[in-house]
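Try each task yourself before you read its solution.

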Amino acid sequence: MEIKYSEITKKYGDKKAVDGVNLTLNNGVCALLGANGSGKTTLMRITAGILDATEGSVSLDGRNIKALDSSYRNILGYLPQNFGCYKDFKAKDFLMYMCALKGIDGDFAKKRCKEMLEEVGLTEVQNKKIGSFSGGMKQRLGIAQSLLNEPSVLILDEPTAGLDPKERIRFRNMLCALSKERIIIYATHIVSDITFLADRVLIMKDGKIVADGSPEELIEIAVGKVWSVNVERSELSRIQARYSVGTIKDGDNGFVNVRIVSEGKPFEEAVNVKPELDDVYLYFFGEVSEDAEAD
Ligand SMILES: Nc1ncnc2c1ncn2[C@@H]1O[C@H](COP(=O)(O)OP(=O)(O)OP(=O)(O)O)[C@@H](O)[C@H]1O
Ligand SMILES: [Mg+2]
């Protein structure tokens, strides 16, 4: 299966939330990584067919998703960002209701609800009202509803928001098992969530895809640009204003070890270190003021 974006642009007034995206997605997990406001949710909503692009089209196996209409929705699973659900519903009833909306009925609906509640660890609270759930529990219910119809296209917008570390791991393992014969699009700004999961990583910045490749290929971008250096603690704020700073580790005698992402060698004593995906994110999104860079 293949999803193809052709010249997708979404404007809000003069602002381009998505700016001329051309992209082809195949089976596997594709992570869409980007800072707040970079256009991830806008692109996900267009992919889910609930938001119209200003220009361009999205097609599934060569057919426009708009023309496919319900036959596209039937194979789609979507977890929106800030997933909201009816607080007076009991968890199980909510899933049955979602089944009805998705055209799943009878014994199969019951079976899928039971399986999904199990999968996200909500079986014991299935008869509790959603209003009494914690943020993480609601998010897990959102994940469950996105999977009810065994979707071949699964769109997840910040799926691990609010999940505790144990649930994050459970979710990651679940996706890993699911990812083989479907297209999964996973929007996030949490690099560690997708490091070992994504087959492909797209970095989105100001509405554009600025990098595209396997995690290994993206890491190549940062080779020779990640530095480690020991500096006096009192120097830190000056360095942070001037460079993209990653991990800072405490050292002895008022010194700290700083990880810096920079095109050129930031200090005489700095040494190159092996990049990770986090460094690539910093390379694109590290906040360095223009003035600081110039001097
Ligand atoms: N309905 C809207 N009306 C006006 N502007 C919007 C609307 N939705 C999004 N935007 C703008 O479009 C840009 C992209 O927003 P979007 O929500 O797609 O980003 P995002 O990458 O999902 O961010 P986040 O990480 O915070 O979820 C932002 O500048 C946002 O303010
Ligand atoms: Mg978003």
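**Exercise 1.** At what angle do H4 and helix H5 (residues 106–119) pack?

*Solution.* Start with the axes, which are lines fitted to C-alpha atoms over the stretch in contact, with angles running from 0 to 180 degrees between N-to-C directions. The angle between H4 and H5 is about 130°, and their axes are 10 Å apart. H4 is therefore oblique to H5; angles under 35 degrees count as roughly parallel, over 145 as roughly antiparallel, 65 to 115 as roughly perpendicular and the rest as oblique. Next, list the residues: H4 brings Ala91, Lys92, Leu95, Met96 and Cys99, while H5 brings Ala109, Arg112, Cys113, Met116 and Leu117. Sorted by class, this contact has 8 nonpolar, no polar and 2 charged residues.

Before going on, note that this is a predicted model, in which local features need pLDDT of at least 70, side-chain atom pairs count only at pLDDT 80 or more, and totals for chains, interfaces and linings use all residues. Residues are numbered from 1 along each chain as its sequence is written, and chains are lettered from A and ligands numbered from 1 in the order in which they are written. Helices (H or I, at least four residues) and strands (E, at least two) are DSSP runs, numbered from the N terminus.

**Exercise 2.** Find how helix H4 (residues 91–101) and helix H6 (residues 135–147) pack.

*Solution.* Here the angle is about 30°, with the axes 10 Å apart. That makes H4 roughly parallel to H6. Now look at who meets whom: Ala91, Phe94, Leu95 and Met98 of H4 face Leu141, Ala144 and Gln145 of H6. The contact of H4 with H6 holds 6 nonpolar, 1 polar and no charged residues.

**Exercise 3.** Which residues are around ligand 1?

*Solution.* Among them are Tyr12, Asn36, Lys40, Gln81 and His189 (a residue is near if its C-beta atom, placed from the backbone, lies within 6 Å). Helix H1 (residues 40–47) gives the largest share of this shell, 3 residues. By class, the shell has 2 nonpolar, 9 polar and 1 charged.

**Exercise 4.** Where do the two domains touch?

*Solution.* First set the bounds, which come from an automatic or database domain assignment: domain 1 is 3–218 and domain 2 is 222–294. Then count: 10 residues of domain 1 are in contact with 6 residues of domain 2 (C-beta atoms, placed from the backbone, within 7 Å). On the domain 1 side, strand E9 (200–205), strand E10 (208–213) and helix H9 (215–221) each supply at least two residues. That side divides into 8 nonpolar, 1 polar and 1 charged; Ala, Val, Leu, Ile, Met, Phe, Trp, Tyr, Cys and Pro count as nonpolar, Asp, Glu, Lys and Arg as charged, and the others as polar.

Conventions:
Contact = placed C-beta atoms within 7 Å.
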